[in-house]
Every structure is written in C-alpha cells, then in structure tokens.
Amino acid sequence: MKIAQSAFQRLPPSLKDRQVAFWFGLSFIAPLYYGLVSFWYATSYTYVVQDDARYHIAWLQRLIDPALFPNDAIADYYHAIQGVGFSTFYRGVAALGIEPLFFAKVLPLLLALVATAYLFWVALLVLPVPICGLLTTLILNQNIWIRDDLISASPRAFVYPLFSAFLYYLLRGKRAGCLVSLGILGSFYPQMALVGVGLLTVRLVRWQGPRPRLSTRSRDYAVWLIAVVMTGATLLLFSHQVAAQAGRLASLAEMKAWPEFQPGGRGGYFGYPKLLFWFDGLSGLRFPLFPPVIWLGAMLPLVVWKVPDYFAKAFPLSDAITHRVSVLGQLFVASVGLFFCAHIIFPTLFLPSRYSFYSMRFVLIIAAGVMLTLVMECWVAWLGEQWLQRGRWSVQETGQIVGSVGLAIAVVIVPAVPQLFLTGQSWQVGTHESLYDHIAQSPKDSLIVSLVREINDNVPAFSERSVLVGREFVLPYHIDFYGEMRQRMRDLVTAQYSPALLEVQAFIEAYGVDLWILAQDFTDVNYLNQQAWLLQSLERRAVTVADEALEAGVEPALVRVIPQCTTFRSERLIVLDAGCIAAVE
C-alpha cells in the first residue's frame, strides 16, 4: 500500500529515496521484456539479420577476420559514412573476440536499458512523481521496440541512450556531462548532435513575460561555444571522411533529375503529394504514431500554459510540473528550425527528416508520460473520493472502473504482443539456407554477382562474401560511389543478357567474378520488368535494351554454359562457376 501511495507523491528524484528506487527498478521490466523477446527471435533462425544491419554491420565482420571483403568498394563506403565513435565502438567489441553481427543482436537491449535509466530521471526532473518516470519509460520502449532503428544496432540506434543522457545532464546543469554526451553523440550520429546545439542555442533566450531576453550568464555562452566548435569540427571531419571515400554529395539539380530520388527509387524524396512530402518519408517531419497514447502529450502545452484555465484546474498535480518542462518546447523549436533549414539549403545538411524524427519522439514521449500521470492521478483521486463518501461505488462507477482498467491493460499489453512489435523491426529471414552454405564454402575473397535482389542483399551478412552490386547497398547520394555502382549495374545487366560469350568472359575478367547466380526464369520476358531497383535508376536503358533482346528471341550466352558450369541448383536459383565460364571456348 505504501508503494502504491508513493506513486503520485512528490518526491525528490534521487535513488536515496527507497520509493523512488522501487519505481526506477520497475521501469526496467519493459526494456528487458522487449529486448529478450527480440533476442530470442534474432537467434531462433540459422539465417536471420535485421534489415539495416545488412549494410551497417555485416561489413564489420572483417574486424574479426581481415580476410573478409578485401578491396570491397561497398564495404569501404559504409565504413566511410559511419562516425568515428561507431567504428571505434565495434572495433573494441571485435577486439574482445565478439563477432559484430552477433553483438548487434545483444546491443539493442543494452542501449534500451541505458536510455530507460536516463529518461526515467529526465521525466522526474520535469514532474517529480515516481510513476511519471515509469510511464514515460514504458511509452519509450513501446515506441522504440516496434521500429527498425534501435534493433538495427546501427549508428541511429545510439541516439536514444546518448540524447537521453544529454537531456539529463542539461536539465541537471551538469555542463561537463552535457558536453561529453553531446560529443559522443556527434561521433555516432552527427545530425542529432546538431539538434543538441540547436537546443542549447534556443536556451540562450530567456522570456520575461511576453518579451524575449538573451541570457546574461557567461557560462551559458561558454557551454554553447564549446558545443558549437566541437560539433562543427565533428561535422567537418565527417564530411571530409565521406567525400574522400565516396566523392561529393549529389547536387539538388542532379537529385531532381535522377529517377533514384523519385517515388519508388532507392532514395525517394521528390514527387510525393504535399501532405506526404511534409509529414512522411525522408523529407517529412515524421511524427510518431505508435503507441497511440503518445499523442496524449499534445495536451501538455494546454496544461502548462493554462489555456484555457480549466486544464490546469482539472489536473491538481499539474502544479508539481517544474520549470524544466520548457526544454520540451525548446527542443521542438530547435528541431523544427533545423528541419526547415535543411529544406532551404537541401542537400547540404542532408535529409531534413533526420532533424525531426528523433526529436519529436523525445518531446512527445516525455510529454505523454507527464500527461498520463496527471490523468491517472486525477482518476484515482476521484475514485478514492467516491469511496470515502459512500463506502462503495455505484454500478455506473464500477462499470467505469472496469472500462478504465481494461483500457489500461490494453495500452500496456497490445504493444507488447510479439507478433506486432517483431514485425515492425524489419527482420530478414534467409529462405535459401543451402545456397548460403554453398557460397560460404567459396574462398573468402570470392565475388558474387547476381540480379536476384534477395541474394545480393543477404549474401554479405549470411555468407560473408562480397557482392558486385545490390539494391540495399547502392545509395545514390555520393557521386563517386554511386557512379561506380551505376557502372556495375550497367555492366552486369549487359553481360547477363549478352548473346556473345566473349563479352561475358570479358566482364568476368574485369571484375574478378567467382560465382554467378541466376534466377531460373531469368530469360522470361517479364523477368526484368519486375526488377524495380534497376528500372527506377539511371541505368534503366540497359534494362530496356536487354528486355527488347529477350522479346526478339535473342538467347543470352549464359544459357549455353549452364549445363557444364552449374555448381548448385535449387527450385528457383542456378549458381554458375565463373571460372568455368571463362574457360569455355
């Protein structure tokens, strides 16, 4: 009973208070549940990998075995676009003998636990009521475990614990902790570090009634200046690192002209209806939609501003909200400001959604935790008052209690259904196990070529072998890298459908191909029309030419070598030994 009563008590946010410590410990149930179920699923198949991990983590396997992915342009590119903090972190994990792909299945739970710990205290700094921390972290975990960012263990997975730490130290006035967490965040995900600088900038403005005034405290400017210099240096080094490896960023004019940036393209950005453009995708604000209770946080400004005054009076506990709640509005302003700035000078600051996607989640998650606490306290107080007056509840009140308890259970239980949140995590389960085993038996420096999307995208993760090109890997943002990928796409399509064996052999020699994987129906007229990743690219012409040749009855040279050069065959796929093809006279 004492613990239940402490739920809505105003207590100092400190572990020294046993009641606060109890609620703090209770908040870890959610990340442990989601994390352990996700880990169980991730280890329940022989071949399973998270979607983003295929191109952010798979290449890191060469930290364990340097013989993997030698001279691999795709692996080098993804190394270049990763922050130094991310690379160093996994390098340290590999130094302990732990494979990155395996550790990536454990890491999300660890990151969620850290994020939960920090955000619990952030919530209590805004509303010093123990249950507020529990409810906030529950909403946090419901939101992050149904998406594919935390579970990917990629750079963006680190945003949740690092930005939570930044907010905590900022609200506590711990300048060293604030700058350290911001610096580490910049080394993992530079765009969110820029949001942190934006937040520090907005906080330099103090409101005295309706009039804004700049801060008069020199230490505020000192922290801001250090953050600007530190984040600016990180961004410059990061940009130089990417440009040196992958070339300059594509210009606005180039992006508008390329089909890759139109709907259906690998970097679809332009051409969407205005509502989708501004609220969804790579260009939109991307407000969180799950769990639905998160939108309760949109009411918090009405309570804080007392507009109308009824909202503040309806929730007696609202007077316990501290002045630190202003950080939510400041974070909203900073992220929206950077979002529009990214649009104005696009693509200099890269994708606008990266400045609002995570910020909006932090704002609404914390606000929803506070509002849910106010609503629950008001409801519990009303029930207690009715009981004290009559010693019982009426039939109508009992019905309301049953309904509210049922709703509360649904709010907690429904998002925790494994079939629901595991689906949102974008796991890729391999359906060609014997093929992946076959490829893994080839030399470590083998190069695999194919137009079969599943094979291209999964071989590096499942068989630890290099691929020539693949839909998941050909990001069209950087000129040099994408130029090479375009050449590979064009050459592969041309060679696969060429009737001249000499042209096929020249392709094999030029790229050092070892295995060539074909779909059983690769000569069907409609086969190429199903390859959207090729059709929605600048290399559509090569696809059109090959398709016209098939329609004209031209037989690809590869058809003639299938009987003698096949090393593996399944119902859907054919694996050819490129060395055998090269030796055919």
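A crossing of two helices is called left-handed if the near helix is turned anticlockwise from the far one by less than a right angle, and right-handed if clockwise. The model is predicted, so local features need pLDDT of at least 70 and side-chain atom pairs count only at pLDDT 80 or more, while totals for chains, interfaces and linings use all residues. Residues are numbered from 1 along each chain as its sequence is written, and side-chain values use heavy atoms, with hydrogens and water left out.

**Helices α11 and α17**
- Helix α11 (residues 190-202) passes helix α17 (residues 326-344) in a right-handed crossing; helices here are DSSP runs (H or I, at least four residues), numbered from the N terminus.
- Contact, meaning heavy atoms within 4.5 Å, is made by residues including Leu194 and Leu199 of α11 and Val327 and Leu338 of α17.
- By class, this contact of α11 with α17 has 9 nonpolar, 3 polar and no charged residues, where Ala, Val, Leu, Ile, Met, Phe, Trp, Tyr, Cys and Pro count as nonpolar, Asp, Glu, Lys and Arg as charged, and the others, Gly among them, as polar.

**The largest nonpolar core**
- The largest nonpolar core has 196 residues, and those with the most contacts inside it are Phe163, Trp516 and Ile581; such a core is a set of buried Ala, Val, Leu, Ile, Met, Phe, Trp, Tyr and Cys residues joined through side-chain atoms within 4.5 Å.
- Helix α7 (residues 100-126) gives the most to this core, with 16 residues.

**Glycine 470**
- Glycine 470 is buried, with a relative accessible area of 0%, since buried means under 20%, exposed over 50% and partly exposed in between (1.4 Å probe, protein chains only).
- Leaving aside neighbours within four places in sequence, glycine 470 is in contact with Asn456, Asp457 and Trp533.

Technical notes:
Helices (H or I, at least four residues) and strands (E, at least two) are DSSP runs, numbered from the N terminus. Axes are lines fitted to C-alpha atoms, for helices over the stretch in contact, and angles run from 0 to 180 degrees between N-to-C directions.
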